[in-house]
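Subject: Handing over the model and notes on its interfaces

Dear colleague,

I am passing on the structure that we spoke about, and I would be glad if you could look it over before reading my notes. The sequence and the coordinates come first, and the notes come after them.

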Amino acid sequence: MSDKVHVTLTVNGRSVDADVEPRVHLADFLRHDLGLTGTHVGCEQGACGNCTVISDGVALKSCLTLAVQADGSEIETVESLATGDQLSPLQQAFKDAHALQCGYCTPGFLMTITALERRGGALSREELRGELAGVICRCTGYETIIEAAEDHLAEVAARG
Amino acid sequence: MKAAPFAYVRPSSVAEAVTALAEHEGMARVLAGGQSLVPMLNMRLMRPTAVVDVNRIPGLDTVAIGPEGGSIGSLTRYSTLEASADIAAHLALLTTVTRHIGDRQVRNRGTIGGSLAQADPVGEMPLACLALGASVLVQSVSGTREVPVHELLLGPYWTSLEPDELIVEVRFPTAPSLFAFSEVTRRHNDFAVLAVAVTATRTGEGFTGVRLAASGVEATAILAEDASAVLEGTSLSDAEIAAAVEATVDVADPSDDVRASAEYRVHLLRVHVRRALERLRDGGDRV
Amino acid sequence: MVDLLHRHTAAGTGLGVSLPRVEDDRLLRGEGRFVDDLHPFQALHMAVLRCPFPRAQVVSIDISAALELTGVEQILVGSQVAERSEPISVLRPVPGAPDLPFFALATDVAHFEGQPVVSVVAQSRAIAEDALDLIDVEFDPLPHVSDVVSAMEPDAPLLHPNELATNRLVTNNQERGNPDGELAASAVVASDRFFVNRVTALPMEGRAVVAEWRQGARELIVQHSTQTPHLVRKQLAEALRLDEGSIRVLTDDVGGGFGMKLGIYPEDVLACLHALELGRPVKWVEDRTEHFRASTHARESVHDASIGATADGRFTAMTNAYATDLGALNSPFGSAQLTSITFGGPYNVEHIRTERLVTVTSKTPIGAYRGYGQPESNFVREVLIDRIARQLGRDPLDLRLQNLLRPEDLPWTNHTGAILDSGDYAATLRMATERVGYDALRAAGRGPRADGRLTGVGLSCFIERTGYPSARFLANRGSQFGAHEGVTLRANRSGGIDLITGVSSFGQSSETTFAQLLSEVTGIDAGLVRVHTGDTGASPVNTGGFASRTTIAAAGAIELAGLEFVGKALRIAAWLLEIDDPTSLAVRGTDIGPRDSDGPTVPLADVFSTAILGQGIPPSEAPGLEATAYYEPQAAAYAFGSAAAVVAVDPETGDFTIERFVMVHDCGVPVNPMLVEGQVLGALAQGFGAALMEELRYDPDTGQLLNGSLLDYFAPTAADLPHVELLHTEVPSPVTPLGVRGVGEIGTIPPGAAIVNAVCDALSDPQIELSRLPVTPEAVWRALADAAAKGGRA
């Protein structure tokens with residue numbers, strides 16, 4: 001009754017074929033089947049957002065998505081951001097602002113902000129705080145994360 | 001924790017979906033946005049034999065809202081509701097409450113139909129749909145029926161849906177021109193301690209079509225019909241508002257939980273019903 | 001007084017430079033290596049059946065159906081674990097307390113909800129959990145105790161009848177002078193009972209372990225998410241009856257610890273026992289549901305406290321008799337131990353008594369957590385000071401300034417023997433109040449603003465003990481660890497230095513700061529230093545990352561080792577350069593050359609290679625270039641500061657917002673100002689969480705945890721915290737290497753008191769008393785209602 005289901009999806013631009021048990025959520029599939037361990041699991045209750053990835057352009061919590069649901073989807077994880085040796089501008093903004101300490105929640109923030117960046121539109125600091133409220137960080141107190149996001153989004157906006 | 005095993009069904013039509021639901025005789029669960037269902041699966045608090053994923057059914061996410069109301073497909077995501085100009089123009093309360101739901105990730109996935117079927121007692125969407133006088137169109141193997149939201153919501157996480165019924169759309173009558181919404185939470189966009197939504201239309205000096213709804217004070221969101229009746233056709237004077245507050249408190253019976261005590265909820269209900277009605281009198285909230 | 005973040009002027013990569021972190025790149029790219037990221041070949045997975053009751057007799061266990069499930073490899077129950085292992089040891093026992101021994105699985109009585117009862121190892125975690133569903137345990141619920149007050153009631157059920165005659169574990173009293181007499185003679189006395197909430201550290205990565213036994217090598221490799229790899233090794237050796245030499249603990253990236261990941265927990269022993277018997281790697285990763293019940297909680301205490309003052313405002317005496325909860329059993333670090341030491345705070349008070357009563361209850365064990373008793377004492381004292389001010393009609397700022405210890409009063413030995421080393425406490429308070437515009441805020445009218453809200457300002461002055469005052473101090477308390485850090489420096493042929501430490505990386509940035517410290521001492525660019533962390537097989541035996549002590553102790557070790565290392569490097573360089581006096585040389589960038597002039601230089605890579613090869617070195621030198629040093633501080637350094645909060649309160653609902661929060665603190669000489677600021681901001685967020693939102697709540701009737709999930713435990717989000725204005729002073733500590741003070745915990749301390757004092761100021765009704773954390777809108781509303789009932793504000 002829990003027969004495996006065949007799925008075909010794109011992960012970070014690479015095509016993936018796999019057979020998965022329906023009960024396996026996308027975060028576990030990415031981490032333990034594909035070895036993409038940059039996506040972190042903090043609760044499996046949908047509350048911490050550390051497992052946020054981008055699916056077909058929108059940020060979602062990969063512990064609340066079944067891997068079978070991702071069949072046919074295009075998934076992006078934190079591993080897609082840097083190019084070779086080069087951090088992406090958002091990653092660099094995090095480094096410059098000291099927006100990470102233990103680094104466990106960081107991929108969740110990076111993917112949330114990446115989706116936000118693509119959505120475009122200006123945000124007040126208050127609205128930005130709201131957009132980032134889906135990821136829990138226990139180290140930084142968020143101040144430097146908000147700073148990094150603000151700096152980065154402003155730079156993106158300035159570039160046009 | 002990892003979910004207990006279940007079978008996965010991905011119908012491509014509503015007919016296929018309700019057939020699958022019927023075949024599993026109440027042991028299947030509908031997977032829409034999954035933002036409430038999947039945590040329950042992961043924590044093994046729910047162990048369906050099958051999960052029926054309705055996300056690939058075409059045509060379930062159509063927004064058709066105009067000055068006379070209209071319908072919203074049950075699979076429409078909160079983020080879509082939030083960004084819809086038609087909804088902002090004609091069902092502004094819906095746009096407003098959507099901003100109070102969960103976080104961005106949840107709003108990207110959660111659906112209006114899923115929220116109503118979930119019947120979270122403090123969910124914003126059931127509350128707003130009650131205040132707006134919405135109904136749901138549900139389909140099963142034996143046909144379709146329309147259920148007013150106040151008849152849909154029976155209790156916490158409990159609806160009048162049959163196990164083989166699927167909500168396919170939510171229907172809205174012409175929205176009143178004014179609304180006010182207040183919500184109290186323990187942290188940003190958390191489950192509500194208390195929420196109040198009121199809608200009405202200004203007709204000359206008076207207010208008509210008043211619908212006052214509250215959540216956090218009963219086992220499910222409630223429509224305060226007596227309070228609404230007290231206010232109908234009045235100018236919402238202080239005395240009339242005070243009477244409506246008392247009429248609302250009369251039908252409230254909250255309980256204690258980790259978010260607030262029952263006593264505090266009653267106090268908040270008094271304050272926020274009054275404030276919401278005062279704001280309504282002053283022209284109401286804006287998106 | 002320096003604004004540290006703007007001190008980028010110093011050249012080089014030593015002390016005081018905001019170097020970017022070396023930890024960042026891997027973490028930003030998703031290349032951190034946390035325990036659950038490891039996928040050893042043929043790994044098995046463990047799941048644990050836990051007691052669902054606060055206290056219960058384990059009557060019977062039927063595992064037969066679970067054993068038949070395909071994919072299940074092994075199941076252990078309590079009696080087997082008791083045969084094959086020893087009780088879990090305690091690292092920091094409560095002084096004077098008897099042992100409460102327990103095994104990794106409950107053997108007879110389970111003492112708290114969440115205590116492990118059965119462990120299952122299977123092909124996957126999901127199958128292991130399927131097996132748990134098939135295990136039938138008969139529990140016979142026993143009477144329980146759900147808080148420290150009811151624990152001490154005469155008719156309370158006795159929780160550990162074999163070890164304890166009551167539910168009191170121990171009482172520790174410390175007293176100086178005549179506090180009772182002084183209180184009796186005081187013109188005013190403020191007294192109350194204060195309640196401090198039970199919270200949890202909540203690192204985003206839970207606990208995790210992978211254990212692998214290599215029979216032929218007799219080596220147990222334990223990959224572990226911990227702040228203390230060497231202490232984990234020690235405790236595992238004791239529990240598993242293995243030589244320490246047979247255990248290697250490896251700790252890569254750790255997703256936060258905050259004191260919760262010190263030492264071992266039952267699941268670590270279980271994973272190792274399974275691995276020893278199965279000969280395959282066994283992985284256990286804590287899920288969040290388990291975490292809320294089985295990882296240590298923190299705080300929870302009840303204080304009966306008093307402060308007296310003369311009519312002109314001089315503090316006469318302070319007393320604090322408090323009950324603090326141990327929970328059901330000992331954790332490695334037990335309940336918080338710094339409340340008494342810091343209760344007197346930065347004030348000049350001669351007559352003082354603290355009485356600590358440690359109770360047992362039927363709840364998850366309490367463990368160390370950032371602050372470790374100091375937020376509690378600060379809350380009680382600073383709230384009482386404001387009440388004294390109200391009784392005397394004095395301004396809370398003036399009253400504090402009158403009583404703060406002056407720089408010339410330091411060093412100051414308090415009633416516990418703790419020595420406050422140095423600092424200008426009043427300067428931080430003046431800075432905070434100037435920044436916040438205190439006088440204008442106090443002078444403003446007391447009426448509501450246009451939005452109906454009332455504004456108020458509140459203060460909190462604080463100290464934090466950072467580091468331990470020597471191993472002797474710890475020995476007197478029975479602690480099973482030292483106060484030292486040790487490092488090894490080893491040259492490599494590329495001209496770099498491998499710095500090897502037993503400290504692990506859990507967000508505290510030690511890799512960056514250790515490289516900076518070495519750069520400061522030796523002149524070598526920090527970029528040439530590679531810090532290797534968390535491997536007990538490679539590093540000198542150290543203590544670990546907790547108690548705001550790592551940087552202090554490591555600074556000393558790095559300084560000693562660095563001087564030895566660079567001394568030898570210069571001697572070899574002098575030999576190569578054919579210069580007589582090595583002291584005329586210095587490290588300059590990637591070379592060694594004349595200290596004060598131009599002249600021939602030799603690359604570090606050549607010097608290091610020569611030393612490693614042992615060919616062409618001076619005849620008096622041994623081959624190799626390596627130095628190991630240990631350093632034990634002989635005194636703790638006390639960090640200090642002041643905070644000011646501005647709040648706006650809705651008097652109708654009790655709802656309030658923190659409109660401003662200013663904090664001035666002093667951590668001595670900052671190693672890396674950017675990282676210092678990060679530590680303070682992070683700890684403040686946890687301080688706000690515990691002060692405003694977080695609380696583990698238990699049903700008093702069933703004794704069960706009511707909010708054991710992230711959905712119901714209110715950890716703050718990015719949208720819940722106030723903007724913080726952070727200022728610094730910089731008084732070097734005379735008792736530490738390089739003048740540093742620890743900085744990891746200070747932010748947890750001031751929020752509760754500053755916010756409560758601000759709310760009370762806003763409501764300006766002397767009848768309103770807030771004596772409980774967290775201070776929620778409902779709590780404020782209740783205080784208003786109570787005051788109205790007492791005839792205050794209508």
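What follows is an account of two chain-to-chain interfaces, taken one after the other.

Please bear in mind from the start that this is a predicted model, and that the values below were computed from it.

I begin with the interface of chain C and chain A, where 53 residues of chain C are in contact with 48 residues of chain A. Between these two chains an area of about 4,000 Å² is buried, and carbon and sulfur atoms give 56% of it. On the side of chain C, the residues that lose the most area to chain A are Leu28(C), Arg29(C) and Met204(C), which together make up 20% of what that side buries.

Which elements of chain C give two or more residues to the side that touches chain A? They are α1 (24-28), α4 (125-134), α9 (288-294) and α19 (673-693) of chain C, and the largest share, eight residues, comes from α19(C). Sorted by class, this side of chain C has 26 nonpolar, 15 polar and 12 charged residues.

I turn now to chain A and chain B, whose contact takes 29 residues from chain A and 31 residues from chain B. Here the buried area is about 2,500 Å², of which 52% is given by carbon and sulfur atoms.

Between chain A and chain B the count is five salt bridges, including one where the side chains of Asp71(A) and Arg10(B) meet, with 2.8 Å from N to O. Residue pairs in polar contact between chain A and chain B number 15, again with both residues at pLDDT 80 or more.

On the side of chain A that touches chain B, the elements giving two or more residues are β4 (58-61), α3 (106-119) and α4 (125-131) of chain A, and β4(A) provides the largest share, four residues. By class, that side of chain A has 14 nonpolar, eight polar and seven charged residues.

With best wishes

Definitions and conventions: Residues are numbered from 1 along each chain as its sequence is written. Chains are lettered from A and ligands numbered from 1 in the order in which they are written. This is a predicted model: local features need pLDDT of at least 70, side-chain atom pairs count only at pLDDT 80 or more; totals for chains, interfaces and linings use all residues. Side-chain values use heavy atoms; hydrogens and water are left out. Contact means heavy atoms within 4.5 Å. Buried area is the accessible area (1.4 Å probe) that two parts lose on being put together, summed over both. Ala, Val, Leu, Ile, Met, Phe, Trp, Tyr, Cys and Pro count as nonpolar, Asp, Glu, Lys and Arg as charged, and the others, Gly among them, as polar. A salt bridge is a side-chain nitrogen of Lys or Arg within 4 Å of a carboxyl oxygen of Asp or Glu. A polar contact is a pair of N or O atoms within 3.5 Å; within protein, one must be able to donate a hydrogen and the other to accept it, and residues adjacent in sequence count only if both atoms are side-chain atoms.
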